[in-house]
Amino acid sequence: MARVLPFLVAILLPYMGLSKAGANGRDDNCTKSHPLIGSIGAIVDLGSRVGKEQKIAMEVAITDSNKSSCSNLALPVRDSSGSSARAASAVLNIIKNEQVQAIVGTLTSSLVEQISEIDNSIKDIPIISLAPFAMYTPWSPQLPPLIHMGSNISLATRCIAAVVGHFRWRKVTAIYEQNNRLSTECCFLTHLSDSLQVVDSMIDHHSSFSRTAIEEELKKLKGKSNRVFILTQSSIEFAVLLFDKAKQMGMMRKGYVWIVSNDIANLFDSVDSQSFSTMQGVIGIKTDYIDSSKSFREFKLKFRHKYRIAYPEEEEFSNPSFFALQAYDATWVVAKAIEKSQGSTNNEKFLTTNIHSTNSKGLTGEITFKRGILLKEETFQIINVVGKSYNAIALWSLNSGFSVGEIGPIYWPGGIQKAPKGWNSTASLGNERKEMRIGVPAKGAFEQFVRVDYDHNLNRTNVTGFSVYVFEEVVRRLPYHLPYIFVPFNGSYDELVEQVYNKV
């Protein structure tokens, strides 16, 4: 028995250290209980993977903060169920019943404005938003202080557009999940459209998918010519269903291109290998962060331990995503600001000032704010699903662009190494195959440039000449299919130009 004890001590010591170590590495030397100094309200969607991760990460942050400073902060949590109405109700409930000093959650600026119109008392409570945002919203005295710590939609769409532009795809199809959850798909599509225009591309079609109509919607898209699909926003569960159905329908084969935004790719670490088998060749943009630091390793250990206890059915996939890191950092920032605000005469105003003046290093990187937005811009990994996981094939940032001149090597759907053209010339649906009519002078003065002959044996018209050969070579090099037909015109050059103007 005496020999067993040292062995047991050796096993238990790491776990004892885990329970005592704070986020900054200090031991918990608190010898007595402390009175409650404040509460941070949490509003998350507990029905989603993201919401579950955010809740666990916030709990870890509160525990770490309390231990590091011997303070006592509470974290009342409310479930938004992903609904704007329920999120608004949760905010009002938590303010009334918990007397929170600040709120952290997936609340959009438009929703915060709507809540302020219902209850003016919210205007004194700082709100840290983890929801994706698109632009800076000027602060108004009638609105609560809003600090954005979510992902920047504008940066994400620019990164996607950079990938599209790199491969010279001229048209894309945008797909997003249709549900009643808190969403910013309209805003995302607007910014994506603007970003694509910069690289001479465009959204040819966009489609909202419900979980019950995935096959029906995919059939419509399969009949169209465009083969570049961008999944802009959805839950990870929907993405898995979508790619499984797409594979069954032959839409993960040669010639197809699938891109997923950071909304989905950031959760790839929680996807099982079986799900990856239906995503082979998918390209994603994933928010980059340092996962080799001591602070991250300590957080990951604590997070996995709590997540497995809370959600044992997901024990195998308990790694934290970037959404968890954001939630931890946001909660930690507010906790430290509340501690600094103790004893001030104008606690609410002083708390907001302390949050805005934060200058620290978190799990997501440097944390400093400018006009309520994180000063540090995101960098994205370009990833490619291969085998049972994914490979990082490039980095992209707004200031530097791609970290490498050539993205790759890439495993495309179907296993081909050459980038698909993104267009299927054999697809036929409606006006998809409408040909471009190109008028040529039937009796030109310079036949070495354009010559029109009629072959009576084959019953067809041949159009040849230097100008024709140059045009055909340019079309051949286009990254998409361009159907066209030469139309001989008997008339003057001015009359031919008039036909073009009249779109005959």
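Helix α3 crosses helix α4 in a right-handed sense. In this predicted model, α3 covers residues 84-98 and α4 covers residues 109-118, and the two pack at an angle of about 55 degrees with their axes 10 Å apart. On the α3 side, the contact uses Ser84, Ala87, Ala88, Val91 and Leu92, while α4 brings in Leu111, Ile115 and Ile118. Sorted by class, that's seven nonpolar residues, one polar and none charged.

Now for the nonpolar cores. Here are two of them, side by side:

| Core | Size | Some members |
|---|---|---|
| Largest nonpolar core | 40 residues | Ile40, Phe299, Ile355 |
| Second, separate core | 36 residues | Ala174, Phe188, Ile283, Ile393 |

In the largest core, Ile40, Phe299 and Ile355 are the residues with the most contacts inside it. Several elements give two or more residues to this core, among them β1 (38-44), α2 (49-69), α11 (294-310) and α13 (347-356). Helix α12 supplies the largest share, with 12 residues.

Take a closer look at Ile355. Setting aside neighbours within four places in sequence, Ile355 touches Pro126, Ile128, Ile147, Val333, Val334, Ala337 and Phe369.

One last stop is Asn266, which sits in the loop between α9 (262-265) and α10 (273-276). Is Asn266 buried or exposed? Its relative accessible area is 2%, and anything under 20% counts as buried, so Asn266 is buried. Beyond residues up to four places away in sequence, Asn266 is in contact with Lys286, Thr287, Ser321, Phe322 and Phe323.

How values were computed: Residues numbered from 1 in each chain as written. Predicted model: local features only at pLDDT ≥ 70, side-chain atom pairs only at ≥ 80, totals over all residues. Heavy atoms only, no water. Helix = DSSP H or I, 4+ residues; strand = E, 2+ residues; numbered from the N terminus. Buried < 20%, exposed > 50% of the residue type's maximum accessible area, 1.4 Å probe, protein only. Contact = heavy atoms within 4.5 Å. Axes fitted to C-alpha atoms, helices over the stretch in contact; angles between N-to-C directions. Left-handed = near helix turned anticlockwise from the far one by under 90°. Nonpolar A, V, L, I, M, F, W, Y, C, P; charged D, E, K, R; others polar. Core = buried A, V, L, I, M, F, W, Y, C linked by side-chain atoms within 4.5 Å.
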